[in-house]
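Student: I would like to go through the ligand site, the pockets and the cavities of this structure. Could we take them one at a time?

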Amino acid sequence: MNAIPTVMRAIDPEEPGGPEVLRVVERPVPAPGEGEVLIRVAAAGINRPEVLQRMGAYPPPPGAPSIPGLEVAGTIVATGAGVERDLIGQPVCALIAGGGYAEYAVAPYGQCLPVPEALTMIEAAAMPETLFTVWTNLFERGFAAEGDTVLVHGGTSGIGTMAIALCNVFGVEVIVTAGSDEKCAAAKVVGADHAINYKTHDFVEEVKTITGGKGVAVVLDMVGGDYVPRNLQCLGDDGRHVSIAVQGGGQATIPIFEIMRRRLTLTGSTLRPRSVAFKTAVADELARTVWPHVEAGQLKPVIDTVFAFDRAPDAHRLMESGNHVGKIVLEIA
Ligand SMILES: NC(=O)c1ccc[n+]([C@@H]2O[C@H](COP(=O)([O-])OP(=O)(O)OC[C@H]3O[C@@H](n4cnc5c(N)ncnc54)[C@H](OP(=O)(O)O)[C@@H]3O)[C@@H](O)[C@H]2O)c1
């Protein structure tokens, strides 16, 4: 085992700005605190919230590193108090509150999952953020279950492709929307049962046709704004509407009587500010429910492009272009 250096390469912009602020600089290697591990990072997944953070619109929560990056995969090289030292050498992927764009990152051990043989480090790094988000929102808050039909917007996004993969594994029929015929075709290739081009078709009418007028059990929504009343029209009786982003606007006018008449539930969540205890509980549940499918090679993330560490600006440019299908990953080591 190589000695741990005191200084590492990291991306840590001093001011908000365009992709060019993502320069590789030197930073001290962080030390794992109680319950934490130090990971030598092999790869870091890129997520839309990091683009918002880079622009200054989504500051890290108190105590989180200013270095962006919400998910990594790599090898445990040191452990903090209360974590077994014999975990050193274990390959893990981890959900973190920041610090992923670096050669070393600290993670609460409870937020780590082992990297099985079925996954490369690149694939493992592309999973935690979308897996924790889709699991807690579509399956826990939205109660999606085998035999249900659900509607997921942004079907080719990192979140959307993970939702498709999980629905495929758990027997949920999944309808997605995307902004071009090419993206709709790509969503079907990765497992969507139906894909609606929302620019050329009214998704409300399409969902009615696909479900024979019954509507879907859950809508996973990352658009907000005027999508919300339209999403409610897509829901069947007792349907659940789960908000995870407001890319189309943070305000909506909703028909309250419809909520009463059809017993609809409106909910939502943001993952990043949740406590370590909550994220640890989710990781435990994922280890029991989803990870066996990952180990068996039945669930993998969709990878669009892998960039070398010093090409992080290009990785963000690609995400901002919206031309990707699935995940963009930085290869760190
Ligand atoms: N709540 C949480 O805890 C949580 C956690 C992680 C991510 N998120 C959010 O989830 C979203 C997806 O994240 P990601 O990392 O997967 O990003 P991503 O890959 O960049 O995907 C963004 C998606 O949003 C769609 N989109 C954007 N504006 C739209 C609009 N006006 N109408 C319809 N679709 C629109 C795009 O679809 P088209 O290109 O087809 O239009 C694209 O598929 C982001 O908004 C992110 O902030 C929330």
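Tutor: The model is a predicted one.

Student: Which residue has a polar side-chain atom 2.7 Å from an oxygen atom of the ligand?
Tutor: Two side chains can be checked here. A polar side-chain atom of Gln-247 lies 3.0 Å from an oxygen atom of the ligand. The distance of 2.7 Å to a ligand oxygen belongs to a polar side-chain atom of His-324.

Student: How much of the ligand's area does the protein bury?
Tutor: The ligand is surrounded by 24 residues, the closest being Arg-48, Gly-179, Lys-183, Tyr-198 and His-324. Taken alone, the ligand exposes 910 Å², and the share of this buried by the protein is 86%.

Student: Which domains supply the lining of the largest pocket?
Tutor: This pocket holds about 1200 Å³ of space. Among its 45 lining residues, those closest to the centre are Arg-48, Ser-157, Met-222, Ala-245 and Gln-247. At least three lining residues come from each of domain 1 (7-127 + 272-331) and domain 2 (130-268).

Student: How many charged residues are in the lining of the largest pocket?
Tutor: Elements that each supply at least two lining residues include helix 1 (48-54), helix 4 (158-169) and strand 9 (173-178). By class, the lining has 18 nonpolar and 20 polar residues, and the charged ones number seven.

Student: Which element gives the largest share of the lining of the second largest pocket?
Tutor: The second largest pocket has about 420 Å³ of space. Its lining has 25 residues, with Gly-63, Ala-64, Pro-65, Ala-97 and Gly-98 closest to the centre. Two or more of the lining residues come from each of strand 6 (104-108) and helix 9 (276-289). The largest share, five residues, is from strand 6.

Student: What is the volume of the largest cavity?
Tutor: The count of cavities of 30 Å³ or more is two. Leu-70, Leu-95, Ile-96, Ala-97, Glu-129, Leu-271, Arg-272 and Lys-279 line the largest one, with five nonpolar, no polar and three charged residues by class. Its space comes to about 40 Å³.

Key
Residues numbered from 1 in each chain as written. Predicted model: local features only at pLDDT ≥ 70, side-chain atom pairs only at ≥ 80, totals over all residues. Heavy atoms only, no water. 1 Å grid on protein atoms, 1.4 Å probe; cavity = no way out; pocket = protein on both sides within 12 Å on 5 of 7 lines; lining within 4 Å. Points joined across faces, edges and corners; volume = space filled by probe spheres on them. Helix = DSSP H or I, 4+ residues; strand = E, 2+ residues; numbered from the N terminus. Nonpolar A, V, L, I, M, F, W, Y, C, P; charged D, E, K, R; others polar. Domains from an automatic or database assignment. Near = heavy atom within 4 Å. Polar contact = N/O pair within 3.5 Å; in protein donor to acceptor, adjacent residues only side chain to side chain. Areas by Shrake-Rupley, 256 points an atom, 1.4 Å probe, with all protein chains shown as cover.
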